[in-house]
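Subject: Structure handover, with notes on the aromatic rings

Hi,

Here is the structure I promised to pass on. Have a look at it first, and my notes follow below.

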Amino acid sequence: MTDVQSARPETHRRPRMSGIGRVLVAVYGVLALAALGRSFVQIVAKFDEAPLAYTLSAVAAAVYVLATVALVRPGRGWYRVAWATIAFEFTGVIVVGTLSVVYPALFPHDTVWSWFGRGYLFIPLVLPVLGMWWLAKHRPLAAESRGASGADAA
C-alpha cells in the first residue's frame with residue numbers, strides 16, 4: 001500500500017510573522033498608535049494653529065495603521081497593499097522631512113515625518129527601509145495566490 005500523504009508534493013510555507021517580521025509589525029503597531037493619538041489630540045485641540053502639519057500627522061497615522069494590517073494579513077493582495085503603504089510612507093518621510101528642513105515655515109508645528117521623524121527618534125525614516133527589505137525577502141508563494149483547487153490564477 002502506498003501512503004497517500006507521501007505522494008503529495010510537499011509545500012514549504014515561509015512563515016510571514018516570525019523573527020524580524022514580528023518585530024517589524026510590533027514597531028509599526030506602536031508607531032500607528034502613537035501617530036493616531038498625536039494627530040487626534042492635535043486636530044481636536046489646536047487644528048487652527050497648523051492645519052497642514054496636523055493633517056499630515058493624521059495621514060501618517062492612517063498609513064501606519066494600514067501598513068500594520070497589511071503586513072499581518074496573508075496573500076498577494078495584502079502584500080501589494082503593504083508595498084504601496086510602505087513606499088508611500090517612505091516618500092512622505094523624505095518629502096516632508098526635506099521640506100521641514102528647507103522651508104521650516106511650512107510646518108510651524110512638527111508632524112510625524114518632520115525632520116525625517118526626529119520626534120520619533122528617526123524611526124519613521126528607518127522603518128520603511130526595513131519594511132521594504134523584509135517584504136522583498138518574504139514574497140508570498142505562488143500557491144498563496146491560487147485558489148483551493150491549485151489552478152493557476154488568471
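Is Trp 113 buried or exposed? Trp 113 is buried, with a relative accessible area of 2%; buried means under 20% relative accessible area, exposed over 50%, and partly exposed in between (1.4 Å probe, protein chains only).

A word on the source: this is a predicted model, where local features need pLDDT of at least 70 and side-chain atom pairs count only at pLDDT 80 or more, while totals for chains, interfaces and linings use all residues. Residues are numbered from 1 along each chain as its sequence is written, and side-chain values use heavy atoms, with hydrogens and water left out.

Now the rings. Searching the whole structure gives 3 aromatic pairs. Rings of Phe, Tyr and Trp (its six-membered ring) pair if their centres lie within 6.5 Å; planes under 30 degrees apart count as stacked, over 60 as edge-to-face and the rest as tilted. One of the pairs is Tyr 28 with Tyr 64: the centres are 6.0 Å apart and the planes stand at 55°, so this pair is tilted. Helices here are DSSP runs (H or I, at least four residues), numbered from the N terminus. Tyr 28 is buried at 0% relative accessibility, and Tyr 64 is buried with a relative accessible area of 0%.

Phe 88 and Trp 113 make an edge-to-face pair, 6.4 Å centre to centre with 65° between the planes. Phe 88 belongs to helix H4 (residues 76-102) and Trp 113 to the loop between H4 and helix H5 (123-137), so the pair ties together parts 25 residues apart in sequence. Phe 88 counts as partly exposed, at 43% relative accessibility. Ring pairs join Tyr 28, Tyr 64, Phe 88 and Trp 113 into a cluster.

Beyond its neighbours within four places in sequence, Trp 113 is in contact (heavy atoms within 4.5 Å) with residues including Ala 60, Tyr 64, Phe 88 and Pro 124.

Over in helix H5 is Leu 127, buried with a relative accessible area of 4%. Leaving aside neighbours within four places in sequence, Leu 127 touches Leu 24, Val 27, Tyr 28, Leu 31 and Glu 89.

Best wishes

How values were computed. Helices (H or I, at least four residues) and strands (E, at least two) are DSSP runs, numbered from the N terminus.
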